[in-house]
Structures are given as C-alpha cells and as structure tokens.
Amino acid sequence: MKVLVVKNQKDADRQGVKIFRQAYKHGARTFGLATGGTPEGLYRELCQSDLDFRDCIAINLDEYVGLDGNHPQSYRYYMQSNLFNQKPFAETYLPDGMAPSAKVECTHYNWIIATNPIDLQILGIGQNGHIGFNEPGTPFTSTTHVVNLTPSTIKANSRYFKDESQVPTQALTQGIGNILQAKQILLMAFGPEKAQAVKEALTGKVTEDLPASVLQKHPHVTVLLDEAAAALLPSEWVAEHVQHIY
C-alpha cells in the first residue's frame, strides 16, 4: 500500500489526475468510478486535462434504488454532469435503480464487471468505513447486491436532497469482492471527519466491521489523503508508510 499525503484537496485532485495518466499510459482502459463529494474535484481536473477516454469503459460502484438516470440526485445524472458530458467514454455502466428485478440486475452487473475487468478503481470512504455502499458487516466475498442504507449514511447523503426524508433507503452496489478484483485501487479521503475511519482502515485490524480495512490485503492500493484526513495516523506508522508531497 502506498500512502500519499498532500496539503489540501486541490493538490490531491491534481495528484489523482497523475495517477489516472500513469494508469492510462500503462494500458488501463476500464475505470471503476465513484460518486459523492470526494471525487468531484478529481473529475473537474480530468475534464480540464488532455486525457481522452473515448476508447475507455467506465463502471460505477452503485446507484440508488428507485431513482432513474434522469433524476437530479441519481448517480447516473451525477456522472453525466461531472464527467461523461465533458469527457465521453466508449461505454458507461451503472446499476439500474429502476430494474424490475433487483436480483436479475445484480447478476447482470456482476457479468458486466467480469466481462470488463477494472484496471483502476476509485474509492471514497465513509465515516463508518464503508466503501461503495458496503456497510459494516458486509462479507468481504460479497458481489453486487441490494443494501439497506444505515442511518449515518442516509444522514451523510441528505446534503444532496431537500431533506433527509427524500434520501432513498436502499441502493444497488458492487460488493467488496467485486472491488477487490480491480487491478489497482485509488482510495481518496479528505477532511477531519474522515480521519478516524482512515486511521482504523489503514492501521487497524482487518475486519468486516470496517469494510475499508480489507484494502490492506490488496496488492496495489494507493491512498491519497489531505493533511486533515491523515491527522490521526500514528507518527511511527507515518514515518514508515507515508510519502508527503508538497
């Protein structure tokens, strides 16, 4: 695991573009993408870059159950607005939140991932350590599934809705087993509210009670943090594992 600490989120976003560029240079053409506040700056930087994704495939982590792609708070809408409209991909995939059968949709999405192995997967981390919408207790072997969102996740996502009551209570998400199949993973975390989860995920016990901790076992993970998110990492661990980039 490579851990990079930069001064602020803007610097992290620029560093993220460098990681995308390096992956592309070495043949990456299938990118696993995330949504939410964490990758927004990265996508802005990618849109301003000279990278061309017209020969690439994008496979997103998740989608809310009950929202179609035209809903302003759907993740399809988010991706179109933040990346795809400015940087077209050859193919883009997200779970279908309006699928008549969630079970069939999960099977179909597992097939998409298996058919298009992900070269570089982008991840954020929740305050409870979730990755994708894989909440604490999710088996490390899980594949695409329907998840009931925890109250803390619903509250965190309510900032994108008029009020908390409008936040969907379920989502379709890639499982942890799907995520671990990616050849390379980039985990990004910013701000003091993520510091405790980052500390536990990187330096604590590998446990399903903290889903992101499983990344300790992946062979090719880069963790990109701002100073605030890295603030609780033990100094002796930092000295051994962290590279500061200023």
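Leucine 215 counts as buried in this predicted model, because its relative accessibility is 2% and buried means under 20% relative accessible area. The residue is found in the loop between α7 (195-203) and β10 (221-226). Its surroundings can be described through its contacts: leaving aside neighbours within four places in sequence, leucine 215 touches Met1, Leu123, Leu180, Ile185, Leu187 and Val221. A further distance relates leucine 215 to isoleucine 179. These two residues are separated by 36 residues in sequence, and their C-alpha atoms lie 9.5 Å apart in space.

Histidine 130 has its place in the loop between β6 (120-123) and β7 (145-148). Is histidine 130 buried or exposed? With a relative accessible area of 13%, histidine 130 is buried, because the limit for that term is under 20%. The side chain of histidine 130 is joined to that of asparagine 128 by a polar contact of 2.8 Å. When residues up to four places away in sequence are not counted, histidine 130 is in contact with Gly124, Ile125, Glu135, Thr153 and Pro211.

Attention now turns to the helices. Helix α1 comprises residues 9-25 and helix α2 residues 40-48; the two pack at an angle of about 55°, and their axes are 8 Å apart. The crossing of α1 past α2 is right-handed. Which residues of α1 and α2 meet? On the side of α1 they are Lys10, Asp13, Arg14, Gly16, Val17 and Phe20, and on the side of α2 they are Gly41, Leu42, Glu45 and Leu46. Sorted by class, the residues of this contact of α1 with α2 are 4 nonpolar, 2 polar and 4 charged.

Helix α2 also packs with helix α3, which comprises residues 75-84; the angle is about 45° and the axes are 9 Å apart. The helices α2 and α3 are therefore oblique to each other as well. From α2, the contact involves Glu40, Tyr43, Leu46 and Cys47, while α3 supplies Tyr78, Met79, Asn82 and Leu83. By class, the contact of α2 with α3 holds 6 nonpolar residues, 1 polar residue and 1 charged residue. Leu46 of α2 takes part in the contact with α1 and also in the contact with α3.

How values were computed:
Residues numbered from 1 in each chain as written. Predicted model: local features only at pLDDT ≥ 70, side-chain atom pairs only at ≥ 80, totals over all residues. Heavy atoms only, no water. Axes fitted to C-alpha atoms, helices over the stretch in contact; angles between N-to-C directions. Helix = DSSP H or I, 4+ residues; strand = E, 2+ residues; numbered from the N terminus. Left-handed = near helix turned anticlockwise from the far one by under 90°. Contact = heavy atoms within 4.5 Å. Nonpolar A, V, L, I, M, F, W, Y, C, P; charged D, E, K, R; others polar. Buried < 20%, exposed > 50% of the residue type's maximum accessible area, 1.4 Å probe, protein only. Polar contact = N/O pair within 3.5 Å; in protein donor to acceptor, adjacent residues only side chain to side chain. Parallel < 35°, antiparallel > 145°, perpendicular 65-115°, else oblique.
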